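Here is a short briefing for a first look at this structure. Start with the picture, then read the points by topic.

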Amino acid sequence: MKNKYIETAEIFKAFCDENRIKILEMLQTGEKCGCKLLEELNVKQPTLSHHMKILCDSGVVIGRKEGKWTHYSISKQGTKIALETLHKLINLK
């Protein structure tokens, strides 16, 4: 089991790269195939895989395998946890 600091770091790592921000913006309109993300980002497949692993590890994005491609979407539960985590960190006492 991960400790809360590792989980928190993984959540915020997801938001600390311009390509991952672009991916999140693309996913706002719904599920996207990795092939579409590749086309729009203009990156190589290993680079996309790296970013998607970070986003999925954070819980903010979920992947669904279909054939050789993975389809990605924003996780409502992961987004809720990320927002709650941010709120806890910046809540003044």
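Two strands pair if DSSP finds at least two bridges between them. Helices (H or I, at least four residues) and strands (E, at least two) are DSSP runs, numbered from the N terminus. With that in hand, Glu 66 stands opposite Trp 69 in β3.

This is a predicted model: local features need pLDDT of at least 70, side-chain atom pairs count only at pLDDT 80 or more, and totals for chains, interfaces and linings use all residues. Residues are numbered from 1 along each chain as its sequence is written, and side-chain values use heavy atoms, with hydrogens and water left out.

**The chain as a whole**

- Five helices and three strands make up the secondary structure of the chain.
- Along the sequence they follow the pattern α-α-β-α-α-β-β-α.
- The C-alpha atoms fill a box of roughly 45 × 25 × 25 Å, taken along the principal axes.
- The chain has 93 residues, and 33% of them count as buried. Buried means under 20% relative accessible area, exposed means over 50%, and partly exposed lies in between (1.4 Å probe, protein chains only).
- The accessible surface comes to about 6,600 Å², and carbon and sulfur atoms hold 57% of it. Areas come from the Shrake-Rupley method with a 1.4 Å probe; for residues, only the protein chains shown count as cover.
- Contact means heavy atoms within 4.5 Å. Of the contacts in the chain with a separation of 6 or more, 53% are between residues 24 or more positions apart.

**The sheet**

- Strands of a sheet pair through backbone hydrogen bonds, either parallel or antiparallel.
- Here three strands form an open sheet in the order β1-β3-β2, with antiparallel pairing.
- β1 (32–33) and β2 (61–66) stand at the edges with a single partner strand each, so one side of each has no neighbour in the sheet.
- β1 and β3 are joined by two bridges in the antiparallel sense. Lys 32 has Tyr 72 in β3 as its bridge partner.
- β2 and β3 (residues 69–74) run antiparallel and are joined by six bridges. Within β3, Ser 73 stands opposite Ile 62.

- Helix α4 (residues 45–58) lies across β2 and β3.
- The helix runs at about 120° to β2. Axes are lines fitted to C-alpha atoms, for helices over the stretch in contact, and angles run from 0 to 180 degrees between N-to-C directions.

- His 71 lies in strand β3. Is His 71 buried or exposed? His 71 is buried, because its relative accessible area is 15%.
- Leaving aside neighbours within four places in sequence, His 71 is in contact with Glu 31, Lys 32, Cys 33, Ile 62, Gly 63, Arg 64 and Glu 66.
- Asn 3 is found in the segment before α1 (4–13). Asn 3 counts as partly exposed, because its relative accessibility is 40%.
- Asn 3 and Thr 70 are 67 residues apart along the chain, and their C-alpha atoms are separated by 29 Å.
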